[in-house]
Amino acid sequence: MPIRFCQGDIKKLLNHFNMKPEKGSNIYMGIGRDGIWRTCKLDYHKNKAPIATGTAKVIATSLKFNNVLEMKEYIDKNL
């Protein structure tokens, strides 16, 4: 069974990593508390909107996670 995320989960994760959108863009950039530079593209619409499983995989790799399970465990533990 695939791991599901909603846009609100990803938005909280981006805020956790101190990532802000570029001016006039939907590309988020920033240096997290761990000192790693990250970029991520998110077309945010509303908190409860689901994210496709392929898109979640791309977001997980862009945020330097090995897979979506690792990202899900990080969200559950830290947010």
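In helix α3 of this predicted model, residues V68, M71 and I75 are buried, where buried denotes under 20% relative accessible area, exposed over 50%, and partly exposed the range in between (1.4 Å probe, protein chains only). Because these three residues cover an arc of only 60 degrees around the axis, they lie on the same side of α3, the arc being that of the directions from the helix axis to the C-beta atoms. An α-helix has 3.6 residues a turn, so residues three or four places apart point the same way. On the other side of α3, D76 and K77 are exposed. Helices (H or I, at least four residues) and strands (E, at least two) are taken as DSSP runs and numbered from the N terminus.

Residues are numbered from 1 along each chain as its sequence is written. Because the model is predicted, local features need pLDDT of at least 70 and side-chain atom pairs count only at pLDDT 80 or more, whereas totals for chains, interfaces and linings use all residues; side-chain values use heavy atoms, with hydrogens and water left out.

The buried residues of α3 pack against β1 (5–6), α1 and α2, contact being defined as heavy atoms within 4.5 Å.

When neighbours within four places in sequence are left aside, I59 is in contact with I10, C40, K41, L42, I51 and M71.

The strands β2 (residues 20–21) and β3 run antiparallel and are joined by two bridges, two strands being regarded as paired if DSSP finds at least two bridges between them. P21 stands opposite Y28 in β3, and the hairpin formed by β2 and β3 has five residues between the strands, with G24 in the turn adopting a positive phi of about 70 degrees. Strand β3 also pairs with β4 (residues 37–41), in the antiparallel sense and over five bridges, with I31 opposite W37 in β4. Five residues likewise lie between the strands of the β3 and β4 hairpin, in which G35 takes a positive phi near 85 degrees.

Strand β3 (residues 27–31) has a covered face comprising Y28 and G30, and an uncovered face comprising I27, M29 and I31. G30 counts as buried at 7% relative accessibility and, with neighbours within four places in sequence excluded, is in contact with F17, N18, M19, I36, W37 and R38.

Two salt bridges were counted, each requiring a side-chain nitrogen of Lys or Arg within 4 Å of a carboxyl oxygen of Asp or Glu. In one of these, D34 is joined to R38, with the closest N and O atoms 2.9 Å apart; D34 is partly exposed at 45% relative accessibility, whereas R38 is buried, with a relative accessible area of 4%. A salt bridge also links the side chains of D76 and K72 (3.9 Å, N to O), and because these residues are four apart in helix α3, they are separated by about one helical turn. D76 is exposed, with a relative accessible area of 52%, while K72 is partly exposed at 25% relative accessibility.
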